[in-house]
Amino acid sequence: MTAKGELLNLLSNKINLKILVLLRNEPSYPRMLAKLLEKDESQISKRLRAMERAGIVKGKWRRVNGRNVKLYFLNADKIEIVFDFDECKV
C-alpha cells in the first residue's frame, strides 16, 4: 500500500478519528485513551503506533503519576484531503 493509501486507511477508521479528536484537546497516553473510549489498551497502542509511523501523531516519553508513559500529541493542525481527477492529495 502506498503512503497515501496507508494514511487514508488510518483516517477512515472511526476509532482512529475518535483518538485524534481527543488528542486535539490535549496530549494523552494509551491507557487514558483506552479508558475514555472503553477499548482495550493494546488496541489503542497499536493504532497510535501506526498513526505515529504515518506522521499524524508524535509520541514522547514522560513521567506521569510516577510512571513512565508515552504521551501522544497531534502532529498537525489540520489534515486536508483533495481529490483531483487523476490523484488524491493528502
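This is a predicted model: local features need pLDDT of at least 70, side-chain atom pairs count only at pLDDT 80 or more; totals for chains, interfaces and linings use all residues.
Which residues in α3 meet which residues in α4?

**View 1. Helix α3 against helix α4.** From α3, the residues involved are Pro30, Arg31, Leu33, Ala34 and Leu37, and they meet Glu41, Ile44, Ser45 and Leu48 in α4. Sorted by class, this contact has six nonpolar, one polar and two charged residues. Helix α3 runs over residues 30-37 and helix α4 over residues 41-54; their axes come within 8 Å and cross at roughly 115 degrees. The crossing of α3 with α4 is right-handed.

**View 2. The two sides of α3.** Look for Pro30, Leu33, Ala34 and Leu37, the buried residues of α3. They sit on the same side of the helix, because they cover an arc of only 100 degrees around its axis. An α-helix has 3.6 residues a turn, so residues three or four places apart point the same way.

**View 3. Helix α2 against helix α3.** Here Lys18, Ile19, Leu22 and Leu23 in α2 meet Leu33, Leu36 and Leu37 in α3. By class, that makes six nonpolar, no polar and one charged residues. The axes of α2 and α3 come within 11 Å, crossing at roughly 115 degrees, and this crossing is right-handed.

Methods: Residues are numbered from 1 along each chain as its sequence is written. Side-chain values use heavy atoms; hydrogens and water are left out. Axes are lines fitted to C-alpha atoms, for helices over the stretch in contact, and angles run from 0 to 180 degrees between N-to-C directions. Helices (H or I, at least four residues) and strands (E, at least two) are DSSP runs, numbered from the N terminus. A crossing is left-handed if the near helix is turned anticlockwise from the far one by less than a right angle, and right-handed if clockwise. Contact means heavy atoms within 4.5 Å. Ala, Val, Leu, Ile, Met, Phe, Trp, Tyr, Cys and Pro count as nonpolar, Asp, Glu, Lys and Arg as charged, and the others, Gly among them, as polar. Buried means under 20% relative accessible area, exposed over 50%, partly exposed in between (1.4 Å probe, protein chains only). The arc is that of the directions from the helix axis to the C-beta atoms.
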